[in-house]
Amino acid sequence: MESSAPEPVPEPGSIANPPLPPEPQPAPDPERAVIWPFLVSRKWLLWHVTAAAGVWGMLWLGDWQYHRAVGGNGLSWAYTFEWPLFAVFGVVFWAKTIRDEFRIRRAGLDPNLAIAGTDPGVQLPAGLGTEQAGSYVGGAPGDPRWTGADGAEPVLAAAWRADMVQAAAQWTADPELAEYNMRLATLNAKAKAKEQSREKGKPGIALGLPASAASQEPTAES
Amino acid sequence: MRAVTLRQQVLAYRVMAYVTGVLIIVLCAVGIPLQVTGHPQLEQYVGQVHGFLYIVYVVMAFLLAVRLRMRLLSWQTIVLLLAGTIPVLTFVVERWMTRRYIGPALAAPGQAAPAAPAPVQS
């Protein structure tokens with residue numbers, strides 16, 4: 001039942017084969033997107049080294065206290081157990097920062113976040129502070145809808161999301177550039193937010209900036 | 001539905017902040033001078049108590065930071081966790097946390113806040 005000869009591939013667009021409709025582009029899958037390269041960025045490598053040194057130091061202190069305790073210093077017994085506890089906490093903290101960062105970066109691809117600017121019921125990803133959440137309810141400092149603290153810096157939801165989507169696309173090609181653009185975008189958003197909060201008379205902050213702040217900067221795509 | 005409310009977590013954090021804050025002040029303002037003058041007992045025992053309560057403080061502050069969705073790898077969280085080891089800092093940090101994070105979180109919708117009074121028609 002096998003065909004012996006390979007079938008000639010018909011040219012698309014010919015009469016026999018009308019052009020196929022363009023295949024729907026799959027939406028970026030938050031679970032599949034390659035986002036781990038941030039773990040080897042300079043900031044995160046520094047954090048890994050710091051965490052490892054801290055945990056090692058705490059274990060070393062615990063060991064030192066253990067030897068003091070064995071040597072007859074009764075008070076050292078408590079510290080013998082405390083330092084390893086702190087070391088365990090350090091590991092948990094380090095793991096949690098990584099987990100949160102994955103969540104934050106995946107959230108950039110999460111379509112639910114698009115309505116975060118209008119819907120107060122949307123759950124923000126871990127790591128996005130409640131201080132910023134104030135801006136998602138609506139408004140800005142000085143606006144009656146604003147629930148954030150005085151002097152708080154709102155994250156511009158739409159602009160932030162646009163940056164995250166763009167960065168997620170960039171991470172595969174050039175993680176360093178993606179990080180750099182994100183940093184620029186954050187600075188930009190913060191400066192804008194501060195400017196807005198200074199002009200208290202003005203109504204709510206522009207939650208939907210026209211485009212990602214990073215896209216105005218030179219990128220590799222251009 | 002969460003078993004532990006934000007208010008309970010805030011209360012736990014505040015209690016621990018004030019307890020460790022008072023203990024570290026006692027430790028530094030009373031215990032160390034006494035130790036220098038040859039009476040190390042107070043410093044030793046208060047130090048032990050502070051050591052254990054600081055563990056509780058760190059756990060409570062960490063859980064609160066997670067609940068408030070603070071970015072963990074940030075100087076805000078680091079200062080919050082280390083505050084329990086530096087005299088007076090817990091009091092300062094507690095006020096700052098309230099103004100900057102806890103207040104807005106309690107005011108945010110979704111929290112079981114007392115119903116706002118109806119707007120007065122003028």
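## Overview of chain B

Chain B contains four helices and zero strands, taken as DSSP runs numbered from the N terminus (helices H or I, at least four residues; strands E, at least two). Read from the N terminus on, the order of elements is α-α-α-α. The model is predicted: local features need pLDDT of at least 70 and side-chain atom pairs count only at pLDDT 80 or more, while totals for chains, interfaces and linings use all residues. Residues are numbered from 1 along each chain as its sequence is written, and chains are lettered from A and ligands numbered from 1 in the order in which they are written.

Chain B has 122 residues, of which 30% count as buried. A residue is buried if 20 or more other C-beta atoms lie within 10 Å of its own, exposed if 12 or fewer, and partly exposed in between, with C-beta atoms placed from the backbone. Among contacts between residues at least 6 apart in sequence, 58% join residues at least 24 apart; a contact requires C-beta atoms, placed from the backbone, within 7 Å.

## Nonpolar core

The largest nonpolar core has 24 residues, and those touching the most other members are B:Tyr13, B:Tyr57, B:Ala61, B:Leu64, B:Ala65 and B:Leu80. Such a core is a set of buried Ala, Val, Leu, Ile, Met, Phe, Trp, Tyr and Cys residues joined through C-beta atoms within 7 Å. At least two of its residues come from each of α1 (6–36), α2 (41–67), α3 (75–82) and α4 (89–107) of chain B. The largest share, eight residues, is supplied by α2(B).

Leaving aside residues up to four places away in sequence, B:Tyr13 touches B:Met60, B:Ala61 and B:Leu64.

## Packing of α1 and α2

The axes of α1(B) and α2(B) come within 8 Å and cross at roughly 155°. Axes are lines fitted to C-alpha atoms, for helices over the stretch in contact, and angles run from 0 to 180 degrees between N-to-C directions. The two helices α1(B) and α2(B) are therefore roughly antiparallel (angles over 145 degrees; under 35 is roughly parallel, 65 to 115 roughly perpendicular, the rest oblique).

By class, the contact of α1(B) with α2(B) has 25 nonpolar, six polar and two charged residues. Ala, Val, Leu, Ile, Met, Phe, Trp, Tyr, Cys and Pro count as nonpolar, Asp, Glu, Lys and Arg as charged, and the others, Gly among them, as polar.

## Packing of α2 and α3

For α2(B) and α3(B), the axes come within 9 Å and cross at roughly 155°. That makes α2(B) roughly antiparallel to α3(B). On the α2(B) side the contact is made by B:Val58, B:Ala61, B:Phe62 and B:Ala65, and on the α3(B) side by B:Thr77, B:Leu80 and B:Leu81. By class, six residues of this contact are nonpolar, one is polar and none is charged.

Notes
Two residues are in contact if their C-beta atoms, placed from the backbone, lie within 7 Å.
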